[in-house]
Amino acid sequence: MNKSMKDLVFKPPTQSIDKSKYNELEPMIKMCDAISQLNNQSIYLYDYVQQKILYVSPHPLFLCGYKEEEVMEMGLSFHEKILDPEDLQMLIEINQMAWKFIYDTAPENRKFFCNSYDIYFRHKDGHKILVNHKTAPILFTDDGNIWISMCVVNYSSQKEAGNVVFARKDKKMYYNYNFEKKRFIPYLPEKLTKREEEILRLSMQGYNEKSIADKLHLSVRTVKNHRYNTEKKLGVNNLTNAVSVFNLIF
């Protein structure tokens, strides 16, 4: 049975916060604006206490042809506009399981979590695009409940939707969500060598294997071997996923 948007809305135990604290958020919102412009990505902030989108950047990717004020007004119901029914159900499942997972964790450890998944957005004109959506809590209530989360939307480098990863930075580990088993499967990556990390960072900067080999005075074969070992240690099967996991947990 399909679930509705009310199932997407997560309500933490604490439902109030001192209103004066909202006056202190303006610098953070300005910073989000700058980050969005500098990195060419969509950013929005969600307020779990007031149950509304607190800020959305003017970047067009997340807006999908709508105006910023329209998205702010719709709140999370905006997802009904930009997701097909099957994608909406996937998003609801991801959110329900992720929030259950994080709230089974001690309050002092919740700041270390973030998640990532790929999903299809449908633009107002009808065309669809696969995006990567990352979320991390950034502000908390006094008793450790999530107050505000930052969400970042980029074009996905994957070939299909899903790829749900829940990372825990303090333990340098991550969990893959299994839709069939309805649970997160933990994976603790092996520590990368300095050379492996160096090559991965150069790959993230856009260098190909030949360029990396020339820059580090290595053979292309050696670079390929380091990349293979890196992917194996991180528990992935390609460079794209290696970069994604590395960014989430390190």
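**Cavities in a predicted model**

Reader: How much space lies in the largest cavity?
Author: Keep in mind that we're looking at a predicted model here. The space in its largest cavity comes to about 270 Å³.

Reader: Which element gives the largest share of the lining of the largest cavity?
Author: Four elements each supply at least two lining residues: strand 1 (42–47), strand 3 (113–122), strand 4 (128–140) and helix 5 (85–103). The largest share is 6 residues, and that comes from helix 5.

Reader: How many charged residues are in the lining of the largest cavity?
Author: Let's go through it by class. The lining has 18 nonpolar residues and 5 polar ones. As for charged residues, the number is none: there are no charged residues.

Reader: How many cavities of 30 Å³ or more are there?
Author: Besides the largest one, there's a second largest cavity with a volume of about 30 Å³. With 30 Å³ or more as the cut-off, the count is 2.

Reader: Which helix gives the most to the lining of the second largest cavity?
Author: Helix 6 (194–204), helix 8 (220–234) and helix 9 (239–249) each supply at least two residues. The one that gives the most, with 3 residues, is helix 8.

Note on methods. Residues numbered from 1 in each chain as written. Predicted model: local features only at pLDDT ≥ 70, side-chain atom pairs only at ≥ 80, totals over all residues. Heavy atoms only, no water. 1 Å grid on protein atoms, 1.4 Å probe; cavity = no way out; pocket = protein on both sides within 12 Å on 5 of 7 lines; lining within 4 Å. Points joined across faces, edges and corners; volume = space filled by probe spheres on them. Nonpolar A, V, L, I, M, F, W, Y, C, P; charged D, E, K, R; others polar.
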